Amino acid sequence: MDYRKTAQEILDQVGGSKNIVSAAHCATRLRLVIADNSRADKGAIENIDGVKGVFEASGQLQIILGTGTVNKVFDEFIAIAGITASSKAEAKEAAAQKQNVFMRAIKLLGDIFVPIIPAIVASGFLMGIMNSLDFMINNGFISMDTSSSIYVFANLFSNTAYTFLQILIAFSAAKAFGANPYLGAVIGMIMINPALQNAYTVATEGVQQTQSVFFGLYDIDMVGYQGHVIPVVIAVWLLSVIEKKLHKIVPEVLDLFVTPLVSVFVTGYLTLSIIGPVFVWAENAILGGIQWLLTLPLGIGSLIMGGLYAPTVVTGIHQMYTAIDIGQIAQYGVTYWLPLASAANVAQGAAALAVALKSRDKKIKSLALPSSLSAFMGITEPAIFGVNLRFFKPFIAGCIGGGCGALYASLVHLGAKGTGVTGIFGILLCLEQPVQYVIEMAIAVGVAFVISFIMYKDQKPKAETAGIEAKASAGAAAAETAGTEKETVKSPVRGRIIPLSEVSDETFSSEMLGTTVAVEPEDGRVVSPCDGEVINVFDTGHAVCIATKSGGELLIHIGVDTVKLGGKGFTKKVSDGQQVRAGDVLIEADLDTIRAEGYPAATMVILTNADEYSEVEKAAPGAVGTDDPVMTLKK
C-alpha cells in the first residue's frame, strides 16, 4: 500500500493538522486526539486503503491499521501534518483533558468497577448454580448430599464477594483516586465492621443502637453499609483528598505514622457521621428511580432503555452500569439491568450478522461476521463501531431488537444473580429463569436480524471492483501453480491457550487484525515462535512484529492495553532487523507488575496477513509450551 497516500487521506478526513491535538500509536492503532469531533468523517476513514476499523474510546479517535502498517503510516502522518509525535502518556492525558466533567466521572466509575468484575462474575455464577441446585433438590428433581464438603464450601464461596464487596470497591476506588489502596480497604472494612449492625437485619429486627456525633449535635444509626456502593466511593474519595494533603504538609520523618492514622480516623468518622447517611439516601433514591422506570406498566420503561442501551455504549456512559448492577443485587437480590443489557448486545450482533449474510462485499463480510459473533458473547464494540453505525440502519435495527427483548424481560421479571457477563453466557447468571432468558435472546436476535436484513443494502460497488477481483483471481491462480507450503508457528510463551471470548479487548477477540490465538502465560519469558526476522520491536516493549520464512507477518502482543504502561515491566532482548530462531528470547515481561497495574497478561499471536494463506489452522484451548504449535500456515 501507499503509506503516504493513506496518511494524507486520514489527515484530510479528520479535519487537517489544525484539528489535531495529539497523535500517537500503539502496536495496531493510530491514536488521535482531535479538537473538533464533528470535522472527522469516520465513514470516509473506514474506506481508506489499509484501515480495518475506526472507533472512539477514552477521548481518542482510534484508527486500526494493523501491525507493520501503523508505524509506517504514523511516520508519514506526522511528517505531512507537521506535528511531533506524542508519547502514549501525553496522548492519554490530552484525551482525558478533552472530555467533559460528566464523561470523566463516567470513566472514573469504569476504572473503579471494571477491575472487580471478575470477582463479581465468579460469585454470581456460583450463586446462580447453587440456587438452581437448591430448587431442583427441594422439588425432587435431583438427589444430592447437601452436607458434603463440596456443597457446603460452594455455598460458602458463592456469596463471599458480595459479603465483602465494600472492601473490594474501596480498594479499587483508592487506586482510581490515587490513594493508598490498603488504606482504602480499611475504610471499606470500617463500613462493614461486625461491631455495626448488619444492614440486612434492620428490616426484621429494627435499628438496635444509635450514637451521638459531633458532641451530641445529632444521633446516627449504628448500622453497617452492606449492599451500598456510592457511600463507599465518596468515602474513599475523601480519604484520597486528606491523604494527598497530609503528604504535602507532614514532615517526611513523621509521614509514615501521621498520614495513615489521621487519614483513616478523619475519613472514618466523617463517613459514619455524615457521608454514609446522606449518600445511602441518595443511592436509594437513584436505584428507586431506575427500578420505577424498569417496572413501568407493560414494560414500557424497559423497552425504552433496551432501545437506548447501544447509544449509551457509543457515548461511553455504559461504563457506569456495573454500579447499577451491584446496587440492584444488593437491594433486590438480583439485577434487572443485566438482562436488558444482554438483549441490547445480542441484538446488535444479530444486526451485524444480517449484514454479513446479505452483503456481497468481501471486506464487509470479513468484518461483520466475526464482529457479530463477538457481540453474541457480550462484546459489542466491533459490531457497533465497525459495522452497524457505519451503515446506520443495522444500528437502528439492533436498537429495536434490544428494546423488544428488554420489554419481554420486564414482563417476566427476569433478573440475574451477578454481573459482568452478557450475551450467550449471561444465561449462567439467570439459571433460576433459563427459559425466560433464552426467549428474551430469541426475541432480541430475531427482531434485529429481520429488520436489519430487510433494511440493509450494499452501497454501489466502486469502479475498481472488477480490477480487484481480477487481481485476486490472478493471485489465486499463481498460488495454485506454485503449489502449497506449510509453516508452523509455536507458542511464544508457556501457559494455556484460552478462548478469544475471554480476551477483554474487542479488537483481539473479534480477530479484527487477523487470525488470533491468545495464551494466558505462566511466566514472562516471551520467545520467537518461529525462524524469521524482527520487523519491529515497539519502544514500550509490549509488542513485537516478526516476518516468518514463508512471508507470514506475526504480531506478538503481550497483555491488553499494556501500551499504557509506557515500557514498565518489559525488557527488550532483540532489535529491529535482527534474525531470530524459534525459541530465542524476544521480551522479558514482569507479569506481576502488569497484573498489579490492573492489565490482563494474555499474550496474543496474530497473523496479520492471513488473507495471503489458503488455510490457517489454530490449536485448540489447553495447556501449551514454547515447543508446541499454535498455528499451522498453508500457502
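The legends below describe close-up views of side-chain contacts in a predicted model. Local features need pLDDT of at least 70 and side-chain atom pairs count only at pLDDT 80 or more, whereas totals for chains, interfaces and linings use all residues. Residues are numbered from 1 along each chain as its sequence is written, and side-chain values use heavy atoms, with hydrogens and water left out.

**View A. A tilted ring pair, F214 and Y218**. Rings of Phe, Tyr and Trp (its six-membered ring) pair if their centres lie within 6.5 Å, and planes under 30 degrees apart count as stacked, over 60 as edge-to-face and the rest as tilted; by this rule there are eight aromatic pairs. The centres of the F214 and Y218 rings are 6.2 Å apart and their planes stand at 45 degrees, so this pair is tilted. F214 has a relative accessible area of 28% and Y218 one of 31%, and both residues are therefore partly exposed (buried means under 20% relative accessible area, exposed over 50%, partly exposed in between, with a 1.4 Å probe and protein chains only). Ring pairs join F214 and Y218 with F265 and Y269 in a cluster.

View B. Helices (H or I, at least four residues) and strands (E, at least two) are DSSP runs, numbered from the N terminus.

**View C. The salt bridge between E511 and K618**. A salt bridge is a side-chain nitrogen of Lys or Arg within 4 Å of a carboxyl oxygen of Asp or Glu, and the count by this rule is nine. In this one, the closest N and O atoms are 3.0 Å apart. E511 lies in the loop between α22 (506-509) and β9 (515-521) and K618 in strand β18 (residues 615-618), so the bridge ties together parts 107 residues apart in sequence.

**View D. The salt bridge between E520 and R595**. These side chains meet at 2.9 Å, N to O. Because E520 lies in strand β9 and R595 in helix α23 (residues 591-596), the pair ties together parts that are 75 residues apart in sequence.
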